[in-house]
Structure formats: C-alpha cells, structure tokens
Amino acid sequence: MSINRSLTAALGAVLLVGVTASPAAAAGPPEVFEDPFAFTGPDLDNGLVVFINTSREAFCTDEQVAREVAIVDWFEGGMVDPFPEWALERPAGFETWTPNLIDSPKGVIANLDEGDQHIELWWLDEPEDSFGVGACLDTDDRLELFATGSAEIKANASDLFEGGLRSAAIDHFRGKADLTGVDGNDYAYSFSWRLVLPCDEPPGRPCEVTNFSLAQR
C-alpha cells in the first residue's frame, strides 16, 4: 500500500551535509569534510529515483533499508511514536564536498557548488509498491537502472547545526546532468528540490517544491 505522497515526498529527498561539523568551524575558511556526502530523492514527474554522489549499491545498505522500513511502519502506525532515526549513511569511494559555511545571526548556512558528481537514475517502483520515503524501498521491486552520468550541483541549507526550522525555504538542492541511458541514448537532465516550512496544507509540515526536466539529446 502506498503512502500519501503529499505528506511524505519531502522525506524522500535526503541531503546529507554538515552533520560532522560544528558551528565554531564556520568562522574559518570553508571546511573540507573527511567523509563524502550524498543526495537521494524521488523524481515523481518522470517516475525516477535519483542518487547523486553515491550509487544505489553503496547507499542501500541493510541499515539504510531497515531505517526506511521503520519510517513506513511509523506512518502506517499512525505516527504516534517518535520519528525513527534518520539515515546518515556516508558511502565510500565518491567525491568529498566542500561547503562554504556562513555563521549568521539566525544560524549556520551551508552553500555547496560542486561539479563532476556521479549520478544514477533508477526507475521508480509502481505506485502500489513505492512509498516516497526512501530511495531504496522505492526501487527494490523493479531494480532497473535508467541512466548514469555526471552532474553539477548547488545546494543551500540553513539552521544546519541548530536544528531549527524557520518560516522560509530551508533546503534547496539543484543542478544539471549529462547522462547515458542503458538504452544507449544520451540525456540532458535538470533537477531542483526546495523544502519549505510551514505548509498551508497539511499545516505545520514541510512542503517540497520540485522541478525536473529530462530530454533526449
């Protein structure tokens, strides 16, 4: 049974950035994190799931799948218990991101501007088999790769270390990619995820504003 996408799509887009740093580091030069970071998210417009700076094989560990199952159980159980621990996997073998940290009066803001990032597009499972809360569960029935390539990305995250959520766009991840499909064709792809809070409907929950473009060259 699929979960209402209007409530859960924002949970499906995961930007893993800055979780090992501290606010004190913001006063110095941009910090190079020792661990690579990854982005995964659903592209519901094209029926795809995106993996950036990681591969599905590296990201979908047993621990990651177990966390996604726990999130599905939480929704189906009426969301009465504490939200399950969120996945913070750091896959090995991919690029290290260098965020520019700005220590502002309202919290630490992280800006990313990176090129030559590995990207994979996998086909989304059929609606009855996809939940919109995790890249692994949303691809585990079809297990069908669509295309791979290289992406340029930009990202902004605010309240990075304080954990607060202000009434503004708090996360924005966007970019473009050149892809080669398993069908042998070349594709141009652009993507944008923006998370905003609060949302009018449902009140108090985050909204995800997305824009995707996929075209054969």
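Predicted model: local features only at pLDDT ≥ 70, side-chain atom pairs only at ≥ 80, totals over all residues.
**Entry 1: salt bridges**

I ran that rule over the model and got 3 salt bridges. I started with Arg142 and Glu144, whose side chains meet at 3.2 Å, N to O. That passes as a salt bridge because the cut-off is 4 Å. Then I checked accessibility: Arg142 is partly exposed at 33%, and Glu144 is partly exposed at 36%.

Next I looked up Lys154 and Asp113, which form a salt bridge at 2.8 Å, N to O. This one links distant parts of the chain, with Lys154 in strand E6 and Asp113 in strand E5, 41 residues apart. Lys154 comes out partly exposed at 37% relative accessibility, while Asp113 counts as exposed at 55%.

My last pair was Arg217 and Asp178, with an N to O distance of 2.2 Å. Arg217 sits in the segment after strand E9 (207-216) and Asp178 in strand E7, so this bridge ties together parts that are 39 residues apart in sequence. I noted Arg217 as exposed at 60% and Asp178 as partly exposed at 47%.

I picked Ile52 and listed its contacts, leaving out residues up to four places away in sequence. Ile52 touches Ala38, Phe39, Gln117, His118, Ile119, Ile153, Phe173 and Phe191.

**Entry 2: Trp97**

Is Trp97 buried or exposed? I get a relative accessible area of 1%, so Trp97 is buried, the limit for that label being under 20%. I placed Trp97 in the loop between helix H3 (62-76) and strand E4 (100-104). I then took a C-alpha distance from Trp97 to Phe37: the two atoms are separated by 6.7 Å, although the residues are 60 apart along the chain.

Key
Residues numbered from 1 in each chain as written. Heavy atoms only, no water. Helix = DSSP H or I, 4+ residues; strand = E, 2+ residues; numbered from the N terminus. Buried < 20%, exposed > 50% of the residue type's maximum accessible area, 1.4 Å probe, protein only. Contact = heavy atoms within 4.5 Å.
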